[in-house]
Amino acid sequence: MAEHYVPENLPTHIQHFINGKFVDSVGGETFDVLDPVTNQTYATAAAGQKADIDAAVAAAREAFTNGPWPKMKPRERARVLNRIADAVEAQEDRLAEMETFDTGLPITQAKGQALRAAENFRFFADLIVAQFDDAMKVPGSQINYVNRKPIGVAGLITPWNTPFMLESWKLAPALATGNTVVLKPAEFTPLSASLWADIFTAAGVPAGVFNLVNGLGEEAGDALVKHPDVPLISFTGETTTGQTIFRNAAANLKGLSMELGGKSPCVVFADADLDAAIDSALFGVFSLNGERCTAGSRILVERGVYEEFLEKYAARAKNIVVGDPHDPKTQVGALVHPEHYKKVMSYVEIGKTEGRLLAGGGRPEHLPEGNYVAPTVFADVAPDARIFQEEIFGPVVAITPFDTDEEALELANNTKYGLAAYIWTQNLTRAHNFAQNVEAGMVWLNSHNVRDLRTPFGGVKASGLGHEGGYRSIDFYTDQQAVHITLGKVHTPKFGVVEASEIDY
Ligand code: NAD
């Protein structure tokens, strides 16, 4: 194996960032951070406990109550957000190599992440300046208007797939709207999140507005969810974790936004441009190592083109280059962590009993170490199979044939999830009818996953609660207070006057 690339100047210890300072846990707890190519510990990170979350929330609360950030004019905050975007763009190469090293994502796919993260800040900078709210004239009696306000301390809990970019999805709208935040990034991948602190400070974000607590979900994440001074939790991660958070947030009735798991169908009709569909169906499940919430991990193919599709698809899957994430030729890198690798490998074994193995099926022979899985293709998978129903979150795909449009729709909707759907057909009527009836928060017709930041992002069923994206994120992170004022004389029923008949309801 070629020598493994290690970026220069990596930290050996990753700290929290609370009230403008890098700090360790109050009790000194740490956890190990592994490099997914060697599975060796390359750094320790401070493991946040309740005391650390308490300190971070107190700093964020103080910055919200007494600091300038929530009261700044949108244009002033927008200037800071644009400076953040500039700094993120300037670190594109550094960020990509850190992200690749920490997550195992192929370097070519990590490259775009900084630009997408920067774009989130620019987008919300523009949106808050252009933002206006409704005012209503009630003829002859009242004027009503909406007084939009930031809510307070937002708790942001994020997963390990494309960590920096997913953190920006939450940080940008939460900060743009004037909230203060406590970010709890995923424990598998704390490296890139540590860049935010210096970027924010240099851009002029006041101390206490951005706080970062590393740590395990069951410790730091749990304490954040249960903290009474954190009215909002924006969470991206597994459905089962979302359910736990939902229960734990109930005692304090928090605002919740949940972006959860998926098992999205990619439906290929016989009249589709087959080559384009195959390109997209391969990229859709094998890009980002298959560790992608919107992966098209169930492919449904119309019987007339089924065998042709399988043959071409499997041949291409076998050709996918699996290797060191830092090698620009690599298309599938190393899975993030040995625990996750074990989970994905167990589904590969389950798949062998549930479908016909056409490609992959285990570790690539030339890679004896590290969390590598060969792109794995199972055909003839029945809808009640576990690999059809359960999210694997790795480079593993289940393919199933169908005969009619009705059957395709039934199969597409036959999981608990409802995040995305990809549909390939040249028939416009079928495309739109299918799109409107499929149970998915987002649908792509004749396309892989390309997203405009203004569109709603989110899932239905077990894939999520609420939609983020564009003004929907602004709505989540703000209160819309209705203010009513009477013009002229107020007409109030006169309770307590002696003549009841004078009471005019
Ligand atoms: P995860 O649910 O294991 O962890 C996500 C985050 O939650 C981590 O920061 C973790 O520490 C924290 N956490 C865990 N238990 C917690 C608890 N009890 N209380 C509070 N916080 C807790 O998910 P993951 O394995 O990091 O990420 C993969 C999952 O994320 C997949 O299911 C994927 O589909 C989903 N995902 C969804 C989207 C989307 O937008 N819908 C995007 C990316 C990933």
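The model is predicted: local features need pLDDT of at least 70, side-chain atom pairs count only at pLDDT 80 or more, and totals for chains, interfaces and linings use all residues. Residues are numbered from 1 along each chain as its sequence is written, and side-chain values use heavy atoms, with hydrogens and water left out. The ligand sits in the largest pocket, where sitting requires more than half of its atoms to lie within 2 Å of the grid points.

**Ligand shell**
- The shell around the ligand has 30 residues, and T158, K184, E187, T241 and E391 come nearest; a residue counts as near if one of its heavy atoms lies within 4 Å.
- By class, the shell holds 14 nonpolar, ten polar and six charged residues (Ala, Val, Leu, Ile, Met, Phe, Trp, Tyr, Cys and Pro are nonpolar; Asp, Glu, Lys and Arg are charged; the others, Gly among them, are polar).
- Helix α8 contributes the largest share of the shell, four residues (helices are DSSP runs of H or I with at least four residues, strands are runs of E with at least two, and both are numbered from the N terminus).

- The side chain of E187 has an N or O atom 2.5 Å from an oxygen atom of the ligand (a polar contact is a pair of N or O atoms within 3.5 Å).
- T241 places a polar side-chain atom 2.6 Å from an oxygen atom of the ligand.
- At L260, a polar backbone atom is 2.8 Å from a nitrogen atom of the ligand.
- The ligand taken alone exposes 850 Å², of which the protein buries 92% (Shrake-Rupley areas with a 1.4 Å probe).

**Largest pocket**
- The volume of the largest pocket is about 970 Å³ (a pocket is an open set of points on a 1 Å grid over the protein atoms alone, with protein on both sides within 12 Å along at least five of seven lines; a volume is the space filled by probe spheres set on points joined across faces, edges and corners).
- Its lining has 38 residues, of which W160, E187, G237, E238 and T241 are the closest to the centre; lining residues have an atom within 4 Å of a point.
- The lining of the largest pocket divides into 16 nonpolar, twelve polar and ten charged residues.
- Helix α8 gives the most to this lining, with five residues.

**Cavities**
- Five cavities of 30 Å³ or more are found in the whole structure (a cavity is a set of points where a 1.4 Å probe fits but cannot get out).
- The largest cavity has a volume of about 100 Å³, and its lining includes W169, R451 and E468.
- Helix α5 (residues 113-130) gives the most to the lining of the largest cavity, with three residues.
- Five nonpolar, four polar and two charged residues make up the lining of the largest cavity.

Methods:
Polar contact = N/O pair within 3.5 Å; in protein donor to acceptor, adjacent residues only side chain to side chain.
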